[in-house]
Amino acid sequence: MKTLVTGITSFVGYHLAAGFAAAGHEVVGTVSRAGDLPGIRGERVRRLVARGVPILPLDLTDAGAIGGIAEAAAPDLWIQHAGYTTAYASPDFDLAAAQALNVLPLKAIFAAMARRGGGVILTGTVSEYSDGDDPHREDEACAPSTAYGLSKLTGTLYARLLAARTGVPARVARLFLPFGPLEAPEKLLPATLAALRRGERVALSPCLQCRDFVAVEDVVSLYLKLAADLPRAPFDLFNACSGTSPRLKDVVLAFAEDLGADPALCDFGAIPMRPGEPMAIRGTNAKARDLLGWSPTPWRDAVARLCRDSAAQG
């Protein structure tokens, strides 16, 4: 299967492109603009190029460009992972910019894939759900608490509408909290892992929040199952979550244990929680388990694997 993946400079986008290529797909990746990228984004692109994945520029706000790349690359599957996420939790989030990238390109994407006779997988987010302590289910009513979540929920609903109108089968994967290799180094888990490996103190909040972390490798395996599932129904959506939600403190201490670091380096309570941060983000993956046979790695095993990989890479 020939698969086009947008947003390949992002953490999950990179792993989707690499994972589908490893699974035997002929992958084409896209970036918003041509040219070298700095830092971790540039490293992801270099690794994909080394794997033989061609990278093409694509302006997703240009419907003509979307149609053109679909003709040139001739994908059987379009994975729409690129999105607008800048300051995603801020009350000043740019909703207009988000609509322009998270929603409006879908019309041209579905039209192009209708001509190709292919399918679409769209990356959604746990932010589409309402805040709450109970595990999120795919069939619950959604009332997002952020403008980012609103833009992504609009994208999900628009994809459902377009699938019905065009006959292009579509799936949405609502990502919870993926983690793993090549995550941005400033993010909490990779920054904590790196500091503990160096034997440095890590200033943390009390870390009593419960979070559903899912290994990025399992996210890739879910998308592969979604691709195989496209003939079953015109549209469906699935939670991409581990189904467990440990306290963030327990995850951090697991890093220390697996790295052989002094747990006293984890300075819990040194900084406050972010204002408005929910105490729990939980999900159920029963639907993906039952319909797709997807079985994600337990979080503790995924942490151990990441620590082993980190140690092996030096």
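A170 is buried, with a relative accessible area of 1%; buried means under 20% relative accessible area, exposed over 50%, and partly exposed in between, using a 1.4 Å probe and protein chains only. This is a predicted model, where local features need pLDDT of at least 70 and side-chain atom pairs count only at pLDDT 80 or more, while totals for chains, interfaces and linings use all residues. Residues are numbered from 1 along each chain as its sequence is written, and side-chain values use heavy atoms, with hydrogens and water left out.

So who surrounds A170? Leaving aside neighbours within four places in sequence, A170 is in contact with F110, V120, A163, L230, P234, F235 and D236, where contact means heavy atoms within 4.5 Å. A170 itself sits in strand β6, residues 170-175. Helices (H or I, at least four residues) and strands (E, at least two) are DSSP runs, numbered from the N terminus.

Now zoom out to the sheet. Strands of a sheet pair through backbone hydrogen bonds, either parallel or antiparallel. Here you'll find an open sheet of 7 strands in the order β3-β2-β1-β4-β5-β6-β11, with parallel pairing; two strands pair if DSSP finds at least two bridges between them. At the edges are β3 (55-57) and β11 (235-240), each pairing on one side only. From one strand to the next, the twist averages 20°. Helix α1 (residues 11-22) packs on this sheet, touching β1 (2-5), β2, β4 (77-80) and β6, and its direction makes about 170° with that of β1. For such angles, axes are lines fitted to C-alpha atoms, for helices over the stretch in contact, and the angles run from 0 to 180 degrees between N-to-C directions.

Let's walk along a few of the pairings. Strand β2 (residues 26-31) runs parallel to β3, with 3 bridges between them, and G29 stands opposite I55 in β3. Further along, 4 bridges join the parallel strands β4 and β5, with Q80 partnered by L122 in β5. Then β5 and β6 pair over 6 bridges, again in the parallel sense, and I121 has R171 in β6 as its bridge partner.

Since 7 of its 7 residues are buried, β5 is largely enclosed by the rest of the structure. In a regular strand the side chains alternate between the two faces of the sheet. In β5, G119, I121, T123 and T125 point one way and V120, L122 and G124 the other, and all are buried.

T156 counts as buried at 1% relative accessibility. Not counting residues up to four places away in sequence, T156 touches L122, E128, V172, R174, F235 and L237.

Finally, the domains, whose bounds come from an automatic or database domain assignment. The chain is split into domain 1 (2-177 + 213-240) and domain 2 (181-212 + 244-312). Their contact takes 34 residues from domain 1 and 27 residues from domain 2. The size of an interface is often given as the accessible area lost when the parts come together. Domain 1 and domain 2 bury about 2700 Å² between them, 64% of it on carbon and sulfur atoms; buried area is the accessible area (1.4 Å probe) that two parts lose on being put together, summed over both. In domain 1, F213, D218 and K225 lose the most area to domain 2, together 24% of what that side buries.
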